[in-house]
Amino acid sequence: TGIFTLKNLTLPTEGNYIMYLDFTPTDTKSRIVKTEEFLIGESDLSRSPDFTDFSKIQTIDKFKVTLDDENKKIVAGQDTKLRFTVEAKNGVPIEHVERYLGEFGHLVIIQEDTYEYIHAHPPAKSLTSLYNSIPFTVNFPSNGKYKMFLEFKYAKKVYKTEYSVTVEKGQNSLEAVPKGH
């Protein structure tokens, strides 16, 4: 119908929010990303989102999820390999992750200054379905701090973990221009 309804959304606090609408219409293969900024309550418009450094090892429910940034140094404008390993909290590998919305993982990335949005999936020919490791290749367009949200599915339940990385300026990178400037 072209209409999407979001029900029962509870936001944690009053404040400024940006909603990213990421979809592919059924009659095309072109992905569309739209953003909508909105304010809940009366807020300090100068307050910025929380881009706190997150540990490279996150625990969620019965899992330990580890980020391995294989490049060790992330440079804007260059392909960066990121691998997330999902294990039981005691370190025992899980059998495999399951497809969620057609993919073995979703990685949403937001740039701190520009709020630029990146959505990545594991390569189509990865062995994610057989193992507990979810690989991504991401090209960060500009330097700065990025917050990353990993979603994966196991035993019919979707899990989300959060990470942050700092990206250095590269020869092929864009200059990050803060939102509103």
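Strands here are DSSP runs of E with at least two residues, numbered from the N terminus. This is a predicted model, in which local features need pLDDT of at least 70 and side-chain atom pairs count only at pLDDT 80 or more, while totals for chains, interfaces and linings use all residues. Residues are numbered from 1 along each chain as its sequence is written, and side-chain values use heavy atoms, with hydrogens and water left out.

Now look at the partners around that spot. Strand 4 (residues 63-69) runs antiparallel to strand 5 (residues 79-88), joined by seven bridges; two strands pair if DSSP finds at least two bridges between them. Both belong to an open antiparallel sheet of four strands, ordered 3-4-5-8. At its edges lie strand 3 (57-60) and strand 8 (133-139), each pairing on one side only.

Stepping back, the chain has 10 strands and zero helices. Of its 181 residues, 34% are buried, meaning under 20% relative accessible area with a 1.4 Å probe, counting protein chains only; exposed means over 50%, and partly exposed lies in between.

Finally, visit Glu168, in the segment after strand 10 (157-167). Why does Glu168 count as partly exposed? Because its relative accessibility is 39%. Beyond its neighbours within four places in sequence, Glu168 is in contact with Lys73, Ile74, Val75, Ala76 and Asn143, where contact means heavy atoms within 4.5 Å. Glu168 and Gly144 are 24 residues apart in sequence, yet their C-alpha atoms are 6.7 Å apart in space.
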